[in-house]
Amino acid sequence: MGVRLRELVREVCRTNEIEVLEGSVSRDHVHVLLSCPPNLSPSKIMQYIKGKSSRKLLMEFQHLQKAYWGRHLWARGYFVASSGNVTDEVIQEYIRQQEGTEPDDGGDNFRITKS
């Protein structure tokens with residue numbers, strides 16, 4: 001499921017000309033460092049990512065349909081920050097340090113972690 005989520009996030013980003021600089025999918029949360037065009041707001045980007053991934057994951061994984069029937073797959077909120085005061089490299093290193101990181105699959109630096 002984590003691999004599929006990673007693919008869906010990449011797909012949304014490609015469609016919207018967003019570059020995934022770093023990413024990590026954990027059991028209960030996702031970290032992504034994105035380079036986005038200025039015409040897309042953070043809320044719109046999250047709407048795209050959460051909306052598409054939720055719909056696709058619920059369609060493809062039957063156990064999720066049962067577990068989340070009548071509820072939302074994603075939590076309501078999200079955290080967004082620009083990398084003005086902290087460099088991109090510091091953020092990338094934080095994401096890389098997530099425990100249990102698997103090697104990337106050659107696509108980009110978007111991993112699945114086991115936590």
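## The largest pocket

β2 (30–35), α2 (42–60) and α4 (88–96) each give at least two residues to the lining of the largest pocket, where helices (H or I, at least four residues) and strands (E, at least two) are DSSP runs numbered from the N terminus. This is a predicted model, in which local features need pLDDT of at least 70 and side-chain atom pairs count only at pLDDT 80 or more, while totals for chains, interfaces and linings use all residues. Residues are numbered from 1 along each chain as its sequence is written, and side-chain values use heavy atoms, with hydrogens and water left out.

The pocket holds about 990 Å³ of space. Its lining counts 32 residues, and Val 32, Leu 33, Phe 79, Val 80 and Ala 81 lie nearest the centre. β2 brings the largest share, 6 residues.

## Where α1 meets α2

Now for a helix pair: α1 (residues 2–15) packs against α2 at an angle of about 140°, their axes 9 Å apart.

On the α1 side of the contact (heavy atoms within 4.5 Å) you will find Arg 4, Leu 5, Leu 8, Val 9, Glu 11 and Val 12, which meet α2 residues including Tyr 48, Ile 49 and Lys 52. By class, this contact has 7 nonpolar, 1 polar and 5 charged residues.

Key
1 Å grid on protein atoms, 1.4 Å probe; cavity = no way out; pocket = protein on both sides within 12 Å on 5 of 7 lines; lining within 4 Å. Points joined across faces, edges and corners; volume = space filled by probe spheres on them. Axes fitted to C-alpha atoms, helices over the stretch in contact; angles between N-to-C directions. Nonpolar A, V, L, I, M, F, W, Y, C, P; charged D, E, K, R; others polar.
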